[in-house]
Amino acid sequence: MKVSVGFAPAERVAAPVGVVIDVLRATSTICQALAAGWNRVVCVAEIEDARALAGPGVALAGERHNVPIDGFDFGNSPREFASAPGGDTVVLTTTNGTRALLTAAERCETVLVGALLNLAAVVGAVAARGEDVAILCAGVEGAFAIDDAYVAGRIAAALSGTPDDSAIAAARLAAAFDGAEAGIAGGVSAANIRDANLAEDIPWCARESVLDLVPRVVERSERSVVVA
């Protein structure tokens, strides 16, 4: 099993299995929504695409630059879903993470959703498949984000496959931090979240392996992916 990391969406990294990381906060939100009892999360890139899917049994969720979208039921904080009852469908659009999932669905046969919340479950699922894996970081508006790179490094270090240079670099980056919260709290993503008065999301998303589930893309189209 070859292990590689894409530090930003523009890097043309692909493999049979892709793991998408947007720890602050889209992939953490997806994991928590499904754990809370929602049946599926439909990820779209644009606000208009989300609004077009509104209807009975559908909750709209998302943000732009960490600001909740007017008229939507939820923002992009996983803490919202931890305290809300589940339902049928969440339609989610975010600045970075949902776009990364759409990109991964174009490149990888199997697309898994990873975060610190489900770290052990993701590592176990990738190891069990034994196929080449690309760990794909959502980044910040197309650029490198240290929080996503940290989580990618944690996954790469935990796998027993053959890491390429990108995976080795990610694992060494992750090892330089004293714990998960330190790894995700010091970059631009975390600063933006603090500026939006959502600082509590950072330690919340830093909790490791508290959810035993591995969301995956089960349907894909040009404008959306369904995660369940």
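**Pocket, cavity and some neighbours**

Author: Let's start with the largest pocket, where helix α9 (residues 188-195) supplies the largest share of the lining, three residues. Before going on, note that this is a predicted model, in which local features need pLDDT of at least 70 and side-chain atom pairs count only at pLDDT 80 or more, while totals for chains, interfaces and linings use all residues. Numbering runs from 1 along each chain as its sequence is written, and side-chain values use heavy atoms, with hydrogens and water left out.

Helices here are DSSP runs of H or I with at least four residues, strands are runs of E with at least two, and both are numbered from the N terminus. On a 1 Å grid over the protein atoms alone, a pocket is an open set of points with protein on both sides within 12 Å along at least five of seven lines, whereas a cavity is a set where a 1.4 Å probe fits but cannot get out; lining residues have an atom within 4 Å of a point. Points are joined across faces, edges and corners, and the volume is the space filled by probe spheres set on them.

By that count, the largest pocket holds about 180 Å³. It has 16 lining residues, and Glu63, Asn66, Thr95, Asn96 and Asn192 are the closest to its centre. The lining splits into nine polar, four charged and three nonpolar residues. For these classes, Ala, Val, Leu, Ile, Met, Phe, Trp, Tyr, Cys and Pro are nonpolar, Asp, Glu, Lys and Arg are charged, and the others, Gly among them, are polar.

One cavity of 30 Å³ or more turns up in the whole structure, and the largest cavity has a volume of about 80 Å³. Two or more lining residues come from each of α4 (97-107) and β8 (133-137), with α4 giving the largest share, four residues. Among the lining residues are Gly6, Ala8, Pro9, Arg107, Leu136 and Cys137. Sorted by class, six are nonpolar, two polar and two charged.

Cys137 takes us to the sulfurs. There are zero disulfides (pairs of cysteine sulfur atoms within 2.5 Å). The sulfur of Cys108 has its closest cysteine sulfur in Cys137, but at 13 Å that is too far for a bond. Likewise, Cys205 has its closest one in Cys31, 9.8 Å away and too far for a bond. Cys205 is buried at 0% relative accessible area, and Cys108 is buried at 3%; buried means under 20%, exposed over 50% and partly exposed in between, with a 1.4 Å probe and protein chains only.

Next, the rings. Phe, Tyr and Trp rings (the six-membered one for Trp) pair if their centres lie within 6.5 Å, and planes under 30 degrees apart are stacked, over 60 edge-to-face and the rest tilted. That gives five aromatic pairs. One of them is Phe7 with Phe144, tilted, at 5.8 Å centre to centre and 50° between the planes. These partners are 137 residues apart, with Phe7 in the loop between β1 (2-6) and β2 (17-21) and Phe144 in the loop between β8 and α6 (146-158). Phe7 is buried at 15%, but Phe144 is partly exposed at 43%.

Trp38, Phe74 and Phe81 make up one aromatic cluster. Phe81 is also in contact (heavy atoms within 4.5 Å) with Thr29, as are Asn76, Ser77 and Pro78, leaving aside neighbours within four places in sequence. Thr29 sits in helix α1 (residues 26-35) and is buried at 2% relative accessibility.
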